[in-house]
Amino acid sequence: GPGAVILGLESSCDETGAGLVRLTEDGVELLGQELASSQDEHARFGGVVPEIASRAHLEAMTATVHGAFTKAGVPFGAVDAIAVTSGPGLAGALLVGVAAAKAYAAAWGVPLFGVNHLAGHVAADTLEHGPLPSDTLALLVSGGHTQLLHVQSLAGQITEVGTTIDDAAGEAYDKVARLLGLGYPGGPVIDKLAATGDPKAIAFPRGLTGGRDNGYNFSFSGLKTAVARWVEQAERDGRELPINDICASFQEAVVDVLTAKMVRAATDLKLSTVVIAGGVAANGRLRALAAERCEAAGLTLRIPRPGLCTDNGAMIAAVGAHVVRAGAFPSSGTLSGNPGMLV
Ligand code: KG4
Ligand code: ZN
């Protein structure tokens with residue numbers, strides 16, 4: 001019940017995260033969190049190398065968990081439950097977090113919950129903006145996922161409305177950054193360069209928006225190819241690459257489609273609140289265009305601050321808190337079900 005402290009562990013990709021939250025009368029309070037990242041080690045490969053990520057989690061996990069307790073001002077081990085990302089993600093990377101969580105749960109004699117990573121991204125918003133209404137539309141945009149989700153409850157009922165049929169939005173940012181020689185991860189650097197570019201300079205394609213294709217699914221691989229073709233042609237012509245205009249035009253194509261489909265899905269499904277979550281939700285232009293279009297459509301928009309958009313342990317703890325509130329308590333040390341699992 002209220003007052004319960006929950007530790008959340010995240011290790012599905014290249015961030016090792018530990019966060020502590022407290023259940024309040026009507027919400028979830030963030031107490032403190034710690035993060036370690038192997039991003040720099042993947043930079044020269046242009047994407048996450050699973051084996052490097054797993055080893056980095058192994059090396060960082062213990063210090064990250066201790067760091068979260070210190071930052072939260074909670075005595076080490078003084079928690080009522082543990083939540084850990086159990087999927088989706090890189091198998092070897094997930095295993096490190098799950099093994100650590102099992103060990104802590106057994107040592108401290110507290111229940112352990114397996115949490116869906118995607119539910120975690122959505123739950124991150126409740127740490128900043130309070131409880132979600134019982135029916136919400138979530139746009140989840142990360143390096144591995146691009147989905148529209150109908151969220152009935154963060155403790156369980158989440159239904160997929162639409163998804164990408166090829167690349168994820170963050171993956172498109174990363175691939176375009178790679179071909180422009182901008183390094184990894186691509187999102188933040190493209191976001192920054194695009195701010196001084198012209199989004200109308202190049203008319204890049206809007207995937208799956210024409211006629212019969214205009215459902216709730218996304219496609220970004222054609223866009224990535226179009227950027228590659230454009231760059232090749234400019235190089236053949238011996239023109240200097242207008243990097244900022246390419247970034248701005250590419251970004252506009254991504255966020256135009258994301259926000260248009262999000263608003264249409266919310267309107268069609270009669271969901272008046274939308275949440276944008278995941279690493280790409282940190283994007284400045286996505287935040288601005290979503291705000292503009294949601295206001296025009298009469299929708300309430302919620303986006304967590306950038307620091308809560310990318311992978312972290314607190315968002316996993318937040319899902320754990322919703323599960324604790326819902327009253328599903330497994331016995332100590334065992335990994336229960338899959339709260340927040342997609343149905
Ligand atoms: O949620 P996240 O931290 O990890 C996954 O679960 O994938 O998302 C990482 C992704 C990367 O593809 C990164 O390029 C993208 O989020 N990203 C951004 C921005 N910051 C991170 N994309 C666009 N604009 C940003 N400001
Ligand atoms: Zn993520």
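Predicted model: local features only at pLDDT ≥ 70, side-chain atom pairs only at ≥ 80, totals over all residues.

Reader: What is its phi, that of lysine 270?

Author: Phi of lysine 270 is near 60°, a positive value in a residue other than glycine. For context, most residues other than glycine have a negative phi.

Reader: And is lysine 270 buried or exposed?

Author: Lysine 270 is exposed, because it has 8 other C-beta atoms within 10 Å, and 12 or fewer counts as exposed.

Reader: Where does leucine 208 lie, and is leucine 208 buried or exposed?

Author: Leucine 208 belongs to the loop between H6 and H7. Its phi is also a positive value, near 50°. Leucine 208 counts as buried because it has 21 C-beta neighbours inside 10 Å, and the cut-off for buried is 20 or more.

Reader: Okay, switching topic. How is the protein divided into domains?

Author: Domain 1 covers 5-128 + 309-336, and domain 2 covers 134-306. Their centres, taken over C-alpha atoms, are separated by 27 Å. Domain 1 puts 20 residues into the contact and domain 2 puts in 26 residues.

Reader: Which elements of domain 1 give two or more residues to the side that touches domain 2?

Author: Those are helix H1 (39-42), helix H4 (117-129) and helix H11 (313-326). H4 provides the largest share, 8 residues. By type, this side of domain 1 has 11 nonpolar, 7 polar and 2 charged residues.

Reader: Nice. Now the ligand: how many residues surround ligand 1?

Author: There are 19 residues around ligand 1, and the closest are Gly143, Gly170, Gly187, Gly279 and Asn283. H5 and H6 are the elements that give two or more residues to this shell, with the largest share, 4 residues, coming from H6.

Reader: Which domains does the shell draw at least three residues from?

Author: Domain 1 and domain 2 each supply at least three residues to the shell around ligand 1. The shell divides into 6 nonpolar, 10 polar and 3 charged residues.

Reader: You mentioned H5. How many of the residues of H5 are buried?

Author: Helix H5 (residues 169-179) is mostly covered, with 9 of its 11 residues buried. Among them are Gly170, Glu171, Asp174 and Lys175. The cover over the buried residues of H5 includes strand S6 (136-141), strand S7 (146-151), helix H6 (186-194), helix H7 (221-236) and helix H8 (243-268).

Reader: What follows H5?

Author: Glycine 181 follows H5, and its phi is positive, near 70°. In the loop between H5 and H6 you'll also find proline 185, which a cis peptide bond joins to tyrosine 184, with omega about -5°.

Reader: Then what does strand S4 pair with?

Author: S4 pairs in the parallel sense with strand S1 (residues 5-10) over 4 bridges, and with strand S5 (residues 112-116) over 5 bridges, again parallel. Leucine 7 is opposite isoleucine 82 in S4, while threonine 85 is opposite valine 115 in S5.

Reader: And what do S4, H3 and S5 make together?

Author: A right-handed β-α-β unit, in which helix H3 spans residues 91-108. S4 itself (residues 81-87) is mostly covered, with 6 of its 7 residues buried.

Key
Residues numbered from 1 in each chain as written. Chains lettered and ligands numbered in written order. Domains from an automatic or database assignment. Contact = placed C-beta atoms within 7 Å. Nonpolar A, V, L, I, M, F, W, Y, C, P; charged D, E, K, R; others polar. Pairing = 2+ DSSP bridges. Right-handed = clockwise from strand over helix to strand, strands pointing away. Near = placed C-beta within 6 Å.
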